[in-house]
Amino acid sequence: MRKGWSLLPVTRRRFIGGAAAGLALAPAAARRAPAQDKVVRIGFLAPLTGPVAAWGKPGLDGCRIWAERVNAAGGIRLADGSHQVEFVPYDDEYDPATARVGATKLVMEEGVSFVMMLGGDPWPGAQPVADRTGMLFSTLLPSDLGPDTPTLIAPAEVHPVYNVTAVDWLAENRPELKTAVMCAQDDALGLPSVATYLAAFEAAGIEMLEEPILFDPATTDFAPIVTRMLARGPQIVCLDTCYTDYVHPICEQLFQQGFRGQVLSCTADFYDQIIARTSKEWVEGMLFQFPDFDDPALNADFINFEDPNGFFATYNERHPGEWGAVSWEYASIMDLWKAAAEKAGSAEPAAVLAAMKEGGKGPHIFGEAEWWGADLFGIDNALVGNWPVVAIEDGKARIKEFRSIPAWYDRHGEILKKWMTEYGQMWNQR
Amino acid sequence: MRRALFWLALAAVLIALPQGLSLSQQEMLVFLTINILLVASYRLLTLTGEWSLAHVVIMGVGAYASALYAAHFAVPVPVSMLLGAATAAGVALLLSYPLFRMKGFYFLIGSFAAGEIIRLLWRRFREPFGGPRGLTRIEPMPSFDLGVWHFDFFLPASYYYLVLAVVAVSLWTLWRIEKSPVGLTFHAVHWQDSLAQAAGVNVRAWRTLAFVIASGFAGLCGALGAHYLGTANPQAFGVEQMVFVLTWAIVGGTATFHGPILGCIALTVLNDVVLRGLGLEQARPMAYGLVLILAVLFLPKGLEDLLARALRRLRGAGARTEPAP
């Protein structure tokens, strides 16, 4: 036992100092230190194996391409010169205990300046490390945000609030569709998304024919769920934020059970496999929220992502058939982080966060956006602006339109809050 | 004398261990120590011949109960941990009424169903269980001063010493139970249940006793984990985690007290230290699976058998080198 482990307030430096034995035998980090003078290390703490790996691994692949491109262009320019970027991955297995171990390793031993996470279940495990060290973390799931997590930001996607844009688009472009059903896995990803879709349908005047079906995440047979949904004769079937492992078999069942209406989903990762399991005609018009990056619409001036078409081509060359919703998201977070670090002239978490939030606005990948979220998340740490509505046309994902999330929220925010409260998803209910 | 020296040396190694590890390895050590008690308590149940698939869920009962007692009734954390363990034992007692109407494979499936019901209840009732997201911001173990020593239980080394003390006492208790007439009766219930019944042993009552004791210790593991991690959710106590416990027990072997513990340590080190260290981050499930298959093929009696053979060989070598009188 050692004396002097009273660490309130604890800084990373003091934390490490207080556990000298740990430091003494953190050989990897210590050995690399002299060679790292001009390297900024970024932690990647996400599921790389297991059922949720589809929302972690493609992101890491995307980040590595991003790092190559940035490093080739001279790296990140801070006050003390240019720095190369290096990603340090840790597989959190979508488990809070592993996330805690990973967060400790990345922050305390690997010397990272920023940690990117998928969020969700693992976040509470990493949260004490963030609290104690002041390390800047990012999540793809703003439902992790709260007033007591000032160093957690959601700068890429405001899941699930952006789902309103597709419903809004549908109501305007296909006003004949008036009835819907929905199913979702009963978990931390599914439930806030259910509340959001219910709000969006209500705002659009689309009637829900029955309560959303919440299935257990261990479900593998979707035939009874699809049968029950189709029994009411809906015009729209909404797949909420189902994982890829659910979206594909549900689509197959919808196809086999004769549904020919509108399919709406948050994601349609690996949609070529959906086409293979159904048909090109059946998938035509399916709406979701995540574009392929060879889309010409991404070459618009307001897009804050360097050469999206080239990025997509490189990605597909190295990881054919693996492009998914998160392939670009972590990389886009890095764009934002890089801009803030260069503005601050430092990779120190507090300085980067301050630079990022200066003026209350920031360069989101889909255009200028505002730091927002006090209403829903208890803190303005979500970067919100436009989001694309994507449809499959002739077997290919195409952006139909960019729609403003804040504009929708200004009109229908109270409805969203009502449903979020109903499903216990407001920050003060969590 | 030799035995006393062995235990003293082991205690010294366990106390010094965190000093030789990095912070993240200390974090792993905390969870490994908890898991050692979990798998040792599971073995107590297997002594009666029954294998349950609800052990990890029962661990979750301890985690949830302890967290809720601390949050809603302002019970001090150490007391809430004990209450959590007692609640897990109580839930096991309730479950034993329907479950021990079955034996063998039927008990296994019944225990799985019972565990799933409990998990579904956690998911279904946001109040008080937090629904699918579970409980977060669980009250941590409070820091305290012991003379010149200050224990901040956020730090893995401090928490490790707490867990080590609790686990050591628990393992000693389990050991004493196994070596007592109670443990011998558990063995009789397993291997000679008809004979035991004919001799007046209430087989069902003894199986229930093993189930309740094992569950109490599993609940204690859950409580220890929850107050360290600060969160407990239904996914963390699913069948996937149960498979890990089964694997530790099978690879280690269940014939001896130390078998499952060996399995737990070996597989955890393999998975979290060796494979990660080799940079096989994403290949771990495949490598882990391969090792399991090889272990079952070439070590059907588990690692405990390997250890026993090694010890026999060492003793044999020692005897051969002793000079003739």
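Author: The bounds of the domains discussed here come from an automatic or database domain assignment. The model itself is predicted. For chain B, the assignment gives domain 1, covering 23–237, and domain 2, covering 239–306. Taken over C-alpha atoms, the centres of these two domains of chain B are separated by 21 Å.

Where the two parts of chain B meet, 17 residues of domain 1 are in contact with 14 residues of domain 2. Three helices of chain B each supply at least two residues of the side of domain 1 that touches domain 2: helix 2 (23–46), helix 3 (55–72) and helix 7 (156–179). Helix 2 of chain B gives the most to this side of domain 1, with 10 residues. By class, the side of domain 1 of chain B that touches domain 2 holds 12 nonpolar residues, 3 polar residues and 2 charged residues.

Confidence bears on how this region is read. Chain B has an average pLDDT of 89, and 98% of its residues score at least 70. Within chain B, helix 3 has the highest confidence, at 97, whereas helix 14 (residues 303–321) has the lowest, at a mean of 77. Where pLDDT is low, the predicted coordinates should not be read in detail. For the model, ipTM is 0.84 and pTM is 0.84.

Chain B also meets chain A: 37 residues of chain B are in contact with 36 residues of chain A. The chain A residues on the side that touches chain B divide into 17 nonpolar, 7 polar and 12 charged.

The nonpolar cores complete the description. The largest one has 138 residues, and Leu45(A) and Val115(A) have the most contacts inside it. Domain 1 (12–159 + 321–384) and domain 2 (163–288 + 386–429) of chain A each give at least three residues to this core. Leaving aside residues up to four places away in sequence, Leu45(A) touches several residues, including Tyr90(A), Leu106(A), Val115(A), Met117(A) and Ala126(A). Apart from this core lies another, of 92 residues, among them Leu83(B), Ala89(B), Val167(B) and Ala223(B).

Technical notes: Residues are numbered from 1 along each chain as its sequence is written. Chains are lettered from A and ligands numbered from 1 in the order in which they are written. This is a predicted model: local features need pLDDT of at least 70, side-chain atom pairs count only at pLDDT 80 or more; totals for chains, interfaces and linings use all residues. Two residues are in contact if their C-beta atoms, placed from the backbone, lie within 7 Å. Helices (H or I, at least four residues) and strands (E, at least two) are DSSP runs, numbered from the N terminus. Ala, Val, Leu, Ile, Met, Phe, Trp, Tyr, Cys and Pro count as nonpolar, Asp, Glu, Lys and Arg as charged, and the others, Gly among them, as polar. A nonpolar core is a set of buried Ala, Val, Leu, Ile, Met, Phe, Trp, Tyr and Cys residues joined through C-beta atoms within 7 Å. A residue is buried if 20 or more other C-beta atoms lie within 10 Å of its own, exposed if 12 or fewer, and partly exposed in between; C-beta atoms are placed from the backbone. pLDDT is the predictor's confidence in each residue, from 0 to 100.
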